[in-house]
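Here is a briefing on one protein model, arranged by topic.

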Amino acid sequence: KDIIINEGIACYVSPFLRSKQTFDGVKKAFDDKQFTWTEEPRIREQEWGNFQNPDEMEAVMEERRKIGSFYFRFPTGESGADVYDRVSSFLETLHRDMKKGRCKENILLVTHGLTSRLFLMRYFHWDVDYFHKLWNLANGEFVLLELQRGGGYTLTTKLRSN
């Protein structure tokens, strides 16, 4: 609220319960006329697969650490690269929405840790090695990108990394 004050907000919210609950809390700070929102499945968290076997998860996570979270694909789930592709598709929609005037002065994405890092990776054209050095955001933590006079956005939040 301190950042946005009385400006408008276009909100894109992951359909997963944690994100919807977070958004329910965030929107209480604003007048209903101040924001629009859309449920956006492409910014949901990485799919870890169906029917995870607890006895096998330690080995699965060890394999993920070896391969890296970008390329590792969970059995019957997604890799970080798959989420990156979803985020890329969402960015195309976001750019179209901005060009058509559907976005307000501010854009809010209510999403998840890995998805947030992949969004930033895609937008700023970071390489996989840099992505792997970044830590996920804590619950409720946010990242701020500010529009520059000449266009484009600058990341103003310091990200935690190795």
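By class, the residues lining the second largest pocket are 3 nonpolar, 5 polar and 4 charged. In this scheme Ala, Val, Leu, Ile, Met, Phe, Trp, Tyr, Cys and Pro count as nonpolar, Asp, Glu, Lys and Arg as charged, and the others, Gly among them, as polar. The model is predicted: local features need pLDDT of at least 70, side-chain atom pairs count only at pLDDT 80 or more, and totals for chains, interfaces and linings use all residues. Residues are numbered from 1 along each chain as its sequence is written, and side-chain values use heavy atoms, with hydrogens and water left out.

**Second largest pocket**

- A pocket here is an open set of points on a 1 Å grid over the protein atoms alone, with protein on both sides within 12 Å along at least five of seven lines, and lining residues have an atom within 4 Å of a point.
- The second largest pocket holds about 180 Å³ of space; a volume is the space filled by probe spheres set on the points, with grid points joined across faces, edges and corners.
- Its lining consists of Glu45, Gln46, Trp48, Met61, Arg64, Arg65, Gly68, Ser69, Leu114, Arg117, His132 and Asn136.
- At least two lining residues come from each of α2 (54-67) and α4, and α2 gives the most, with 3 residues.
- Helices (H or I, at least four residues) and strands (E, at least two) are DSSP runs, numbered from the N terminus.

**Largest pocket**

- The volume of the largest pocket is about 1,500 Å³.
- Its lining has 44 residues, and Ile107, Leu108, Leu109, Phe142 and Val143 lie nearest its centre.
- The elements that give two or more residues to this lining are α1 (17-27), α3 (80-99), β3, α4 (113-124) and β4 (145-147).
- By class, the lining of the largest pocket splits into 24 nonpolar, 11 polar and 9 charged residues.

**Cavity**

- A cavity is a set of grid points where a 1.4 Å probe fits but cannot get out.
- The count comes to 1 cavity of 30 Å³ or more, and the largest cavity has a volume of about 30 Å³.
- Trp135, Asn136, Leu137, Glu141, Leu159 and Arg160 line the largest cavity.
- In this lining 3 residues are nonpolar, 1 is polar and 2 are charged.

**Sheet**

- Three strands form an open sheet in the order β2-β1-β3, with parallel pairing.
- β2 (35-39) and β3 (106-110) are the edge strands, each with a single partner strand, so one side of each is left without a neighbour in the sheet.
- Direction ignored, neighbouring strands of this sheet are turned by 20° against each other on average; axes are lines fitted to C-alpha atoms, and angles run from 0 to 180 degrees between N-to-C directions.
- Two strands pair if DSSP finds at least two bridges between them.
- β1 (residues 9-13) pairs with β2 in the parallel sense over 5 bridges, with Cys11 opposite Trp37 in β2 and Ala10 opposite Thr36 in β2.
- β1 also pairs with β3 in the parallel sense over 5 bridges, and Val13 stands opposite Val110 in β3.

- Buried means under 20% relative accessible area, exposed over 50%, and partly exposed in between (1.4 Å probe, protein chains only).
- Of the 5 residues of β1, 5 are buried, so β1 is largely enclosed by the rest of the structure.
- Ile9, Cys11 and Val13 are buried on one side of β1, and Ala10 and Tyr12 are buried on the other.
- The β-α-β crossover from β1 through α1 to β2 is right-handed: with the strands pointing away from the viewer, the path from the first strand over the helix to the second runs clockwise.

**Single residues**

- Thr76, in the loop between α2 and α3, has a positive phi near 60° although it is not glycine, and Thr76 is exposed at 63% relative accessible area.
- His125, in the loop between α4 and α5 (128-133), likewise has a positive phi near 60° in a residue other than glycine, and His125 counts as exposed at 63% relative accessibility.
- Cys103 lies in the loop between α3 and β3 and is buried, with a relative accessible area of 16%.
- Cys103 and Gly8 are 95 residues apart in sequence and 8.4 Å apart in space, C-alpha to C-alpha.
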